[in-house]
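Keep the 3D view open as you read.

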Amino acid sequence: MSLPLIVLVILALAAAGFVLGRGRAMASAGGDIRLLHSLPGYYGWNVALAAMIPAFLALVLWLAIQPVVINGQVSSMISQASIDQSSLDLVMSDVRRVAEGLDTAVAAGALTSEQAGSIRTEFTDVRDRLGQVGVALGSDVTSETLHAAQRYRELSGLGDLGRAIVVLGLAVLGAAWAWQRSNKDFRARNSVERVVRWILIAAASIAVLTTVGIALSLIFNTVEFFRLYPAADFFFGLTWSPSFGGGSELGIVPLIWATLYISLIALAVSVPVGLFAAIYLSEYATPAVRAVAKPLLEVLAGIPTIVYGLFALLTVGPLLVDVFGNGGLLGVNWMAGGTAVMTAGLVMGIMLIPFVSSLSDDIINAVPQAMRDGSLGLGATHSETVKQVILPAALPGIVGAILLAASRAIGETMIVVLGAGAAAKLSLNPFEAMTTVTAKIVSQLTGDADFASPEALVAFSLGMTLFVVTLGLNIFALYIVRKYREQYE
Amino acid sequence: MNQMTKPEKVAAMNEAKISAEKVQVFYGDTHAIKDVSIRIEEKTVTAFIGPSGCGKSTFLRCINRMNDTIDVCRVEGNILIDGEDIYDPKVDPVQLRAKVGMVFQKPNPFPKSIFDNIAYGPRIHGLARNKAALEEIVASSLQKAGLWNEVKDRLDEPGTGLSGGQQQRLCIARAIAVSPEVILMDEPCSALDPIATAKVEELIDELRENYTIVIVTHSMQQAARVSQRTAFFHLGNLVEEGATNDIFTNPRDKRTQDYITGRFG
Ligand SMILES: Nc1ncnc2c1ncn2[C@@H]1O[C@H](COP(=O)(O)OP(=O)(O)OP(=O)(O)O)[C@@H](O)[C@H]1O
Ligand SMILES: [Mg+2]
């Protein structure tokens, strides 16, 4: 029984269970809803959930376990000789491929399932036969592989049968058990709500577990990296020059420096512009202006960062060269090419404007009207009110917004790759090309390097460093924002 | 409850501080104040009473032009303070609000220190030449508001940390600090408990010596306790205005009588 079919059958069972459960509860109350403990729908849901949840859980477990078991069974058939020749993994993937090929051949009618189970390499060119039905194999099929593949098919067939029986059996049993309990005094509502709570808990745990998983994989690989490369050289090394032949210098300082430099420029652009825009929109703009300007500003936030990267590369970079480059408007020669810290910083700043402005706008709007009235009522002008009452009151929240913007700037990649270049450098000149932690993570992992080499593993410690820094910033920002929230009540 | 001094009748002798003539207020298409004319006397407490939504707050906010901050609000007619039309284009509403202070229904101290709360107005208007003068203003305003003894040791603590009643007196002190001539109070006690209310009422009675006070209240007893004159509003109209004793003992209008005897409200 195929997987989609099983799912459909479970759903059908659940639907039937819903109707039956509801009907049984109604019947037990003699058709009078008022005699039921819960609304009739709850009885239906109770049965439907009892049919679905154990069945789906069993299905997921089975799907996870079956391949492992079969792999173990089949791989014991592979001789040591062929393992020595390549590796167990490669042989096993060959086996799976042949098994799939046989499946396809059977499905296409080129072989009967009997033939598929009994063909022998001695009599048939299996590679040829499979080639005819469109399954291309890289090498000739040895008799050992073919045997293993046939065993593999056999076991899978068995497993699938067992899966269908167990899963559907559970669905039927669950539904029957819940159906039998459906009578007017059964507290179906409480039971359904309990199940719903567990579903919510499961969803929340998935999110948390994923975070933990990400952190663990980072930590694991970072530890691996520090075994190959001294931590002190990584954190305090002033040179970044990976060479995949070995003998690389992997100092993070130039990358951190460029990251902070670019983020600083980005914040220098986005904080004043975003904040002033927020003050204008929340305090001075008429509702009509606000209705147009606010969504327009927020459109900026929806532009993918790669587009900003293109903007940096094609527009801002050349423009800056025209001003600061050789023979430029200012007659200085500070800037050699379009990619520079300044280019990336400016564009990133533009990207962050809506981020800062819409957060600050919310925060300024959250300052109670009573504060404004109090100040205006004392004869303060509107701008005195903004400067002396509203901004101080909103300041902690605004600082939080800025910290959140900073952690986005630090994590930004695309704009850096296209706008700031790829050369790791330690320089004060903002018109020089540099590169950041994130951009280097990409380039270290997209090369041909062996995944176990320090040149590749360094990406994880870079990622870990970034993770810790942005996590710290976020926690700090949230702490400040929360503290601010408590202030008025 | 503590013994309140029954305000004596001083009404008729005083000058008119504020006089409004045929005032109309519109919120968009809603006609909130209809043809209201009233004279408010100097150094007197005048109470505005009336059922909810009748326009008391709206009319009060006309007197210091707080309605200007509401986009849809339009005011017609004349309001004179000391014979000067406050809606004249020459008048700066910001200057006017320094002269006509306001205390709101919910205490709204700024999230600053107690000192800075009081010093806010004087600083903006440049009322103090130096730090000592500023401290003097703060101290005397707090004394006038009867709050000095309670807060004199903690002037740099946040004003939001005071109790509700203290906060409201802080707001009154804040208004006094810019030396206004008129103080408008919109239900200043509605968020306070009876004891804090009594303190504020006592304070209002003392302030009458130096300031012209207009107070909106929903409590008939409060109007009777603190005011010398009372104005009854109904559906945007000023139904009746007169000495508080007369309004409460001998109302001329049927609607006033119904309201003060609790038949609607
Ligand atoms: N900002 C506003 N926009 C539109 N209409 C308003 C506004 N403020 C008040 N109104 C309307 O004006 C009328 C008078 O309101 P106002 O607040 O002056 O009443 P009030 O007498 O103070 O009532 P309460 O005793 O409940 O405070 C009401 O009908 C109200 O709906
Ligand atoms: Mg009101």
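Start with chain A, which holds 18 helices and two strands. With a radius of gyration of 32 Å, well over the 23 Å that the globule rule gives for 489 residues, chain A is more spread out than a compact globule. Please keep in mind that the model is predicted.

How much of chain A is buried? Of its 489 residues, 42% are buried. The accessible surface of the chain comes to about 24900 Å², and carbon and sulfur atoms contribute 68% of that area. The contacts are worth a look too: among those in chain A with a separation of 6 or more, 72% join residues 24 or more positions apart.

Now zoom in on a helix pair. Two packed helices are described by the angle between their axes and the distance between the axes. In chain A, helix 10 (residues 253–284) packs with helix 15 (residues 382–411) at an angle of about 145°, and their axes are 10 Å apart. The crossing of helix 10 of chain A and helix 15 of chain A is right-handed.

Which residues bring these two helices together? On the side of helix 10 of chain A, they include A:Thr259, A:Ser263, A:Leu267, A:Val271 and A:Leu275.

Finally, turn to chain B for two backbone details. B:Ser179 has a phi near 40°, a positive value in a residue other than glycine. You will find B:Ser179 in the loop between helix 6 (164–176) and strand 7 (182–186) of chain B. Is B:Ser179 buried or exposed? Its relative accessibility is 53%, and the cut-off for exposed is over 50%, so B:Ser179 counts as exposed.

Follow chain B past strand 7 and you reach the loop between strand 7 and helix 7 (194–207), where B:Glu187 is found. B:Glu187 also is not a glycine, yet has a positive phi of about 45°. Here the relative accessible area is 11%, so B:Glu187 is buried.

Notes
Residues numbered from 1 in each chain as written. Chains lettered and ligands numbered in written order. Predicted model: local features only at pLDDT ≥ 70, side-chain atom pairs only at ≥ 80, totals over all residues. Heavy atoms only, no water. Axes fitted to C-alpha atoms, helices over the stretch in contact; angles between N-to-C directions. Helix = DSSP H or I, 4+ residues; strand = E, 2+ residues; numbered from the N terminus. Left-handed = near helix turned anticlockwise from the far one by under 90°. Contact = heavy atoms within 4.5 Å. Rg over C-alpha atoms; globule rule 2.2 N^0.38 Å. Buried < 20%, exposed > 50% of the residue type's maximum accessible area, 1.4 Å probe, protein only. Areas by Shrake-Rupley, 256 points an atom, 1.4 Å probe, with all protein chains shown as cover.
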